[in-house]
Every structure is written in C-alpha cells, then in structure tokens.
Amino acid sequence: MVERIWLDVPYAQKDAAKAAGARWDPAAKRWYAPREGMAALAPWAAATDVPDLLPDEDRTLGSGLFVDLVPSSCWFTNVRSCVAQRDWERLRRMITRRAGMRCEACGAEEDRRAKRWLEAHERWTYDETRRVQTLRRLICLCTDCHTVTHFGYAQLRGLEAQALAHLVHVTGMSPGQARQHVDAAFTLWEQRSSLNWSLDLSILTEAGITVTPPPDAPDRRGIAAATLASEAAAGTPSATRGMPSVPPSVPRQDAPSAFVRSLFRGARRV
C-alpha cells in the first residue's frame, strides 16, 4: 500500500479541505492528499505527531468513570479553547490512538448510529495553596462517559437520567451510591468555584503545542454567566461541553456568579 500523505484537518474545516481535494480514510479516521504537490491542501500539511506521553503527564490520574466538575471560576480554560484548531486535531488524534480507539472508562468504541463518539477529556489537579489549576492528563472518553463527567451540564441539557444510569452501569454503584457520588462532586465544585485559579498547561507547551492564554480568572465568571444566560434565553446549549465560546464583550465580575450557581443548584433538585 502506498504511504498516505496525511493532513491535519480540524473538523470545522473539513468541507473546505474536501473541496480542495482532500480525501477521507475511514479506517485511519484522517484526511489525506491523494497525490503530491497539491498546493490547495498546503494549509493542512501535517505537523509532527504529538508524543504519546506528554511531558510530566500522569496517565494514572483519575482512572475509571466519575463526575469531574470543572469549577465555574475555571471555565474557558479547557484545552480546546487554548490551542489552535490544528494543534487540537493533533492532540485528539494522539489521545484516541493511544487509547486503541476505545473509551478509557467503559471500553466502548465509536458508534455513529448510536451517536457515540470518542472525545478528549482533561484531568486537572488543584493546588488550593497556590491557587493553580494544572493539566495533568488527557483521556479518551466516549460521549456517554463524557456526559457523566460533566454532570451539571448534563442536567442543564435534560440528560440527568441517562447520565446517572450510565454511571451506575459502568461503575457498578447502586443508584443511591451514584447519587451520593454526584452530591459529593457538587459540594467539591462549590468549594473550588469560590476561588480564582491560574492555569498551568506546561505539559502542552513542553510538547511543542502553542497555547493561547485564556481570559483572566476573575473575567471568566462574568463570561460564563453572560453566555449561559444568553443560551438559557435562546434554548441553545453550548457546542463545547460546559465551555461556551467567549462573547466579544462581557463586563468584568470579580464576585462568584450567582447566576451560574443558581443554574447548577436548580439542576440538582431535578
């Protein structure tokens, strides 16, 4: 078999790449150039693959499936929002490849008919003394497991029952144990959401990934509140789980967002 001329094509640019002559390899799940010298495909020329183990990454951190709520004061600091689309594609490809194209929590494969995809999820550690949120691991999760990890956002989208049932199925918890687990996760979320955190993405920068600094920690509260309020009014949840796109202009808010807290607290009573 002739070696493919692989491309790095972000999902949002797939139609443009296809129009320029790119072809899709369903087995490798990657776009490629059908022949050399296609100038129209130069914008998507492949960069060097990201190493399977990022510098100082802890592949043992946060094993299994559990509710992993990101503090509201840390929203807009997910990896996808801080790196270029092409770099995200490189990271996503590495994460799914090293996981053997299976969810690292439940072992499921991608299933388009069931609308189950393989997605990247971040595992963070939180140093409350220094107020530093550090990326320590990237993990491959299926859509169902990823929905469980962001349980608060699942509730806002009307997916609480499905998420709880999946948590019970994968972990073997009883329904009562699962609800206790969810309550404990929300308690920890509220504690962490009361603090402002700086961001440490050194495992990416040391792997050659260019990182765009996120909004300052105090600003994220206002951005989150304004975006979620707008989506609640329009009935259009964010495309990125729990991490909406930053509006062009949002007033600074230093105090914790009562609106964000009311949304999640209300969801807990559902």
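Predicted model: local features only at pLDDT ≥ 70, side-chain atom pairs only at ≥ 80, totals over all residues.
Local features are described where pLDDT is at least 70, side-chain atom pairs count only at pLDDT 80 or more, and totals for chains, interfaces and linings use all residues. Numbering runs from 1 along each chain as its sequence is written, and side-chain values use heavy atoms, with hydrogens and water left out.

Strands of a sheet pair through backbone hydrogen bonds, either parallel or antiparallel. Three strands make an open sheet in the order β1-β3-β2, with antiparallel pairing. Its edge strands are β1 and β2, each of which pairs on one side only.

Follow β1 (residues 5-6) first: two bridges link β1 to β3. Ile5 has Ala33 as its bridge partner in β3, and Trp6 has Tyr32. On the other flank, β2 (residues 23-25) and β3 are joined by three bridges, with Asp25 opposite Arg30. The hairpin of β2 and β3 has four residues between the strands, and Lys29 in that turn shows a positive phi of about 55 degrees.

What about the two faces of β3? In a regular strand the side chains alternate between the two faces of the sheet. For β3 (residues 30-33), Arg30 and Tyr32 lie on one side and Trp31 and Ala33 on the other, and all of these are buried. Here buried means under 20% relative accessible area and exposed means over 50%, with partly exposed in between (1.4 Å probe, protein chains only).

A pair of aromatic rings is described by the distance of the centres and the angle of the planes. Rings of Phe, Tyr and Trp (its six-membered ring) pair if their centres lie within 6.5 Å; planes under 30 degrees apart are stacked, over 60 edge-to-face, and the rest tilted. The structure holds four aromatic pairs. In the pair of Trp6 and Tyr32, the centres are 6.2 Å apart and the planes stand at 80 degrees, so this one is edge-to-face. Because Trp6 lies in β1 and Tyr32 in β3, the pair ties together parts that are 26 residues apart in sequence. Trp6 is partly exposed at 27% relative accessible area, whereas Tyr32 is buried at 10%.

A charge counts as sitting over a ring if NZ of Lys or CZ of Arg is within 6 Å of the ring centre and within 35 degrees of the ring normal. Lys14 lies over the face of Tyr11 in this way, at 5.2 Å from the ring centre.

Strand β4 (residues 118-127) and β5 are antiparallel and share ten bridges, one of them between Asp127 and Val132. Four residues separate the strands of this hairpin, where Arg131 takes a positive phi near 60 degrees. By contrast, β5 runs parallel to β6 (residues 198-200), with three bridges between them; Gln133 stands opposite Leu199 there. Ten of the eleven residues of β5 (residues 132-142) are buried, so this strand is largely enclosed by the rest of the structure.

In soluble globular proteins, nonpolar side chains tend to be buried together. A core is a set of buried Ala, Val, Leu, Ile, Met, Phe, Trp, Tyr and Cys residues joined through side-chain atoms within 4.5 Å. The largest core has 47 residues, of which Val79 and Leu204 touch the most other members. β5 gives the most to this core, with six residues. A second, separate core of ten residues includes Val9, Ala17, Ala20 and Ala33.

Thr96 belongs to α3 (residues 85-98) and is buried at 5% relative accessibility. Beyond its neighbours within four places in sequence, Thr96 is in contact (heavy atoms within 4.5 Å) with Met101, Leu118 and Cys140. Glu160, in α6 (residues 160-171), counts as buried at 12% relative accessibility.

How values were computed
Pairing = 2+ DSSP bridges.
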